[in-house]
Structure formats: structure tokens, C-alpha cells
Amino acid sequence: MKIAVFSTRSYDREYLSAAAAANASFKASHHFSFHEVHLQPETLHLTKGYDAICAFVNDQLDRATLQSLKRGGVQLIALRSAGYNNVDLIAANELCLPVARVPAYSPQAVAEHTVALILTLNRKIYRAYRQVREGNFSLEGLVGFNLHGKTVGLIGTGRIGTAVAKILGSGFGCKLLGYDVEPNRGCRDLGMAYVSLTELVANSDIVSLHAPLLPNTTHLIDEQTIALMKNGVMLINTSRGSLIDTQAVIDAVKTGKIGYLGLDVYEEETELFFNDRSLEVIPDDVFSRLLTFPNVVITGHQGFLTKEALEDIAETTLKNILEFAATGKCRNLVRA
Ligand code: NAD
């Protein structure tokens, strides 16, 4: 199969190429062509003559794109992500265009990044780092709080939510609340109490989001949910930007209702993330406003970016392609 790989950076190319080189069956009959650009209407011509597309979170796989891909002879969409909110699955199903994903790659990568954001905010590591480099050893303004004994509310307790629960429950001694449409026993065994969304946000010192982006989770955190939260709550989102209404969150940071905000994802990240824009003017006023707060820490969708996760992603992507090429099926297909 000839596979056009979109939205690649050096690390994608390195890990996919290494996995391909180490796999004799893949090397024999499949070939990756790497592109830095996103897949979108302007870049569709790059898919001409290819049998499969390998895409990431900000590639645009809407109905029109899928129709063009199908017309051009593409047989498989192999996502390098767990999330698939950027794919019109109903259209893919109608077009009989299978979509495979990497359902579980090192959930610890994202879980540990979540905890990194919590500690960065709570212990004001970003301020301390800058101050000490400037020879300022004053501790004024650096008072944090212990995580031990605090209540953490996890919205979504699948693979990543469970990994966060293990670190914060067993490691830090936090009390755990969970909200999930399908509660799991593993989390209950960690001492998590499953409650309603309302109860969770009202009783948590830290709220962390680990649910997928779906129509019913879009803006799950909005003005109403925020109003129920404790004053000075910490809100963390390493899942998908549109789980929160960014403007409502900004308003709450301004009033102090939200005391700490840690984001690895942003609603309009497609136009910003994964590129060096340090010499450009950022045209997004909402994002720019977020950057002005001293109690907001943002990373550019790097939760997945560990060696282990990149190896897992590359391995599973290869397996998905090999399985599909050999059998016309794939166990990691996403259903509409
Ligand atoms: P998962 O499928 O294992 O878990 C998701 C959980 O959310 C499930 O338990 C599910 O029942 C629950 N859920 C579904 N709908 C819900 C709803 N309406 N309300 C509450 N809970 C609901 O997924 P995961 O591997 O834990 O990943 C979670 C999310 O993390 C992904 O969807 C993706 O968006 C995000 N993610 C981010 C990064 C990153 O780099 N920042 C990397 C990987 C995944």
C-alpha cells in the first residue's frame, strides 16, 4: 500500500520510519510518504495515487474530504490518534471507507502530563523557574497547596482517567470523585466515588477532563457548570479543547472563580498548535487573552509526546495497515 502521512513532524517521521524499517512484512509491500501539512481541501491533491491516508488530530476528515478520498481510490484512513472527533464517521460508513485508530497508546503519557500541569500550577513552577534564572530568590507569591487530602474530580474515567486516578489517589493521597457514562470497577477499587456531574464539580478542588469530544460533551464545562464549582477551583483539560467553553472559562478566571487553569488542548488549536509561530502575530484574541493570566498554563497538545507513546502509536499504526492489507478488516476500526 502507498500511504500518505499528514501533519507529520520530525518525531512522527522518526518513529514511523523506525517501526517500518524493523518490520519485514511492512517494508516489503508498503511505503510511507510524509507530509508536514494538514489534510484539508487545499492539500487533497497530495493523496492522488495513494491507497491509504494516515492522519492526526487536526486533519480535516469531513464528508467532502472523505468523498474525494474515496473517489481517488483511498481504501483506508489510519488515524495516529485515539480520538476521532475530526472524522465524519457517518459519512465514512456510508462511503464504506474504513477508519482505524490507535485506541490505547500509553495512557500514562497523557496522565503524567495532566499531573505535570497540576503541579506546575499548584507549586507555581513556571514562576519559580523564571525568577531563579533572573537571580530572584524571593518566595513571595509562590505559596502552593498540598495535593494530599484534596478532592479531585475526574470527568471521564477510561484509560487516561484511570491512570490519573492511580497517580493522584495512590500516590498523592487525593480523594477521588468520578463522572462517567460507564463507571469502571478499577476506579471504584481505587476508592473513587462515582457521582453526578453536578456533584462532581460542586465538590472538587481540582476538576480534570478525560472524556472524548462528542456532541453531548461539547462545552460540558460552560457558564452553568462553572457557577457550581468551588471558588478558586483548578480546572485541567488534556482531552479536547471543545469540552470547555473557552470564553466562559476566561470570564471565570477574571472573577477568580477559577483559580488555576491548565490546558493542553484548545478549541481553535488547529490554526495554532504544532508549529513555531514565535515570529508571527497571533490573530486569535481569545487565545491571546488566556496567555495574559498569571494562573493559566498552556501546553500545545503535547500530552501524547513521550518516546513510549510514539513507539506505541507507530507500532499500532503499522499493525492496523498490515492487518487491513492482509484481511480487509482491522480490529481497531472505529464504528459510526
Ligand atoms: P477512553 O475511551 O479510554 O475513555 C473515555 C471515557 O470517557 C470512557 O470511560 C467513557 O465512558 C467516558 N465518556 C464517554 N462519554 C462521556 C460523557 N458524556 N460523560 C462522561 N464520560 C464520558 O479514552 P482515553 O484513552 O482515556 O482518552 C480520553 C481522551 O483523551 C480522548 O478522547 C482524547 O480526546 C484525549 N487524548 C488527549 C491526548 C493529548 O495528547 N492531550 C492524547 C490522547 C487522548
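Strand β10 is mostly covered, with 5 of its 5 residues buried (buried means under 20% relative accessible area, exposed over 50% and partly exposed in between, with a 1.4 Å probe and protein chains only). The structure is a predicted model, in which local features need pLDDT of at least 70 and side-chain atom pairs count only at pLDDT 80 or more, whereas totals for chains, interfaces and linings use all residues. Residues are numbered from 1 along each chain as its sequence is written, and side-chain values use heavy atoms, with hydrogens and water left out.

In a regular strand the side chains alternate between the two faces of the sheet. In β10, V233, L235 and N237 point one way and M234 and I236 point the other way, and all are buried. Strand β10 (233–237) pairs with β9 in the parallel sense over 4 bridges, where two strands count as paired if DSSP finds at least two bridges between them. Within this pairing, V207 stands opposite L235 of β10.

Both strands belong to an open sheet of 7 strands with parallel pairing, in the order β8-β7-β6-β9-β10-β11-β12. Its edge strands, β8 (193–194) and β12 (296–298), each pair on one side only. Strand β9 (residues 206–209) is also joined to β6 by 4 bridges, and these two strands run parallel. Here I155 stands opposite L209 in β9. Helix α7 packs on the sheet and touches β6 and β7 (175–179), its direction making about 170° with that of β6. Contact means heavy atoms within 4.5 Å; axes are lines fitted to C-alpha atoms, for helices over the stretch in contact, and angles run from 0 to 180 degrees between N-to-C directions. Helix α11 (residues 246–255) lies across β10, β11 (258–263) and β12, running at about 140° to β11.

The loop between β6 (151–155) and α7 (159–171) contains T157. This residue counts as buried because its relative accessibility is 1%. The side chain of T157 makes a polar contact with the side chain of Y194 at 2.7 Å. A polar contact is a pair of N or O atoms within 3.5 Å; within protein, one must be able to donate a hydrogen and the other to accept it, and residues adjacent in sequence count only if both atoms are side-chain atoms. Leaving aside residues up to four places away in sequence, T157 touches T162, G178, D180, N184, C187, M192 and Y194.

One of these contacts, C187, is placed in helix α8 (residues 185–189). C187 has 0% relative accessibility and therefore counts as buried. With residues up to four places away in sequence again not counted, C187 touches T157, T162, A165, M192 and Y194. The C-alpha atoms of C187 and T8, which are 179 residues apart along the chain, are separated by 35 Å.

A further open sheet is formed by 5 strands in the order β2-β1-β3-β4-β5, with parallel pairing. Strands β2 (31–34) and β5 (99–100) are the edge strands, each pairing on one side only. Strand β4 (residues 76–79) pairs with β5 in the parallel sense over 2 bridges, and A78 stands opposite A100 in β5. Helix α13 (residues 307–327) lies across β1 (2–5), β2, β3 (52–55), β4 and β5, running at about 160° to β4.

Most residues other than glycine have a negative phi. C96, which is not a glycine, has a positive phi near 55°. C96 lies in the loop between α4 (89–94) and β5, and it counts as exposed because its relative accessibility is 60%. F274, also not a glycine, has a positive phi of about 75°. F274 is found in the loop between β11 and α12 (285–290); at 18% relative accessibility, F274 counts as buried.

Overall, the protein has 13 helices and 12 strands. Of its 336 residues, 51% count as buried. The C-alpha trace spans about 60 × 50 × 35 Å along the principal axes. Among contacts between residues at least 6 apart in sequence, 70% join residues at least 24 apart.
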